[in-house]
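Welcome! Take a look at the model first, and then read on.

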Amino acid sequence: MQIVTDRLTLRPMTEDDLPALRAILGDGITMTAYEGAFDEDEIRAWLSGQLRRYAEDGFGLWAVVHAGDMIGQAGITRQRIEADEVHEVGYLFRRDQWHRGFAVEAASACRDWAFDELGVDAVWAKVRSTNIASMNVAIRLGMRVRRAFTTHYRGVDMPHLGFAIDRAQARATV
C-alpha cells in the first residue's frame, strides 16, 4: 500500500522508522493531547500496534514521507467511540513540520482512501476537546462534530469531540 499526494508519500511503517517515531512520540509538546511524551516502551508498543493493524485490518497509521524524510504519520484505524466502532482518520506530525498543510494533505488522502478502498460510509476523527489544531484539520476535511464523549487514557479522563464526514458529504466538497 502506498498513497502519493502532491508533496507526500504515505507508506506502511517498519522497524526502521523507530528513530522518526521517537522524534514525534517522544516530544512532550507534540504529545500534549496524549498527556505528554511517550517513553521507549510506549513508542515501541505504538509501532507494534500499527504493524498488528496492518496484519489484521490491512491498514493503520502510515509513515508520512516528505523529501525522503518521515515527518509524521497519518492513516485509518478502527476506533471505539462509546459503543460504536468507527473508521477514524488519525494524523500526528513532528513539531517542526506543523503549519505547512501536511496534516490536511495527508488526512484528506487517507479519508478518500477509506471511502474508495474500504467502502466505508463515514470517516471519523476523535479529537481531544483542547486540541484546537487537530479540530481545525478535521474541519478542513469537511468534518463536523457529531458527538462529545470522554476517553480514559494514561490515567486521565479526556473530553473528546467526534468529528465525522460521510461519503456523500465528502464527494460534495471535492
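Let us begin with charge: the protein chain carries 21 positive and 25 negative side chains, and the centres of these two sets are 4 Å apart. Please keep in mind that this is a predicted model.

**Overall build**
- The protein chain contains five helices and eight strands.
- Along the sequence, these elements come in the pattern β-β-α-α-β-β-β-α-β-α-β-β-α.
- With a radius of gyration of 15 Å, close to the 16 Å that the globule rule gives for 174 residues, the protein chain is as compact as a globular protein of that length.
- Along the principal axes, the C-alpha atoms of the protein chain fill a box of roughly 40 × 35 × 35 Å.

- Among the 174 residues of the protein chain, 50% count as buried.
- The protein chain exposes about 8500 Å², and 49% of this comes from carbon and sulfur atoms.
- Of the contacts in the protein chain with a separation of 6 or more, 58% are between residues 24 or more positions apart.

**Strand 3 and its partners**
- Strand 3 (residues 61-66) is largely enclosed by the rest of the structure, because five of its six residues are buried.
- Strand 2 (residues 9-11) runs antiparallel to strand 3 and is joined to it by three bridges; here Leu10 stands opposite Val64 of strand 3.
- Strand 4 (residues 69-81) also pairs with strand 3 in the antiparallel sense, over six bridges, and Gln73 in strand 4 is the bridge partner of Ala63.
- Strand 3 and strand 4 form a hairpin with two residues between them, and Ala67 in the turn has a positive phi of about 50 degrees.

Technical notes. Residues are numbered from 1 along each chain as its sequence is written. This is a predicted model: local features need pLDDT of at least 70, side-chain atom pairs count only at pLDDT 80 or more; totals for chains, interfaces and linings use all residues. Side-chain values use heavy atoms; hydrogens and water are left out. Helices (H or I, at least four residues) and strands (E, at least two) are DSSP runs, numbered from the N terminus. The radius of gyration is taken over C-alpha atoms; the globule rule is 2.2 Å times the number of residues to the power 0.38. Buried means under 20% relative accessible area, exposed over 50%, partly exposed in between (1.4 Å probe, protein chains only). Contact means heavy atoms within 4.5 Å. Accessible areas come from the Shrake-Rupley method with a 1.4 Å probe; for residues, only the protein chains shown count as cover. Lys and Arg count as positive and Asp and Glu as negative; His and the chain ends are not counted. The place of a charge is taken as NZ of Lys, CZ of Arg, CG of Asp or CD of Glu. Two strands pair if DSSP finds at least two bridges between them.
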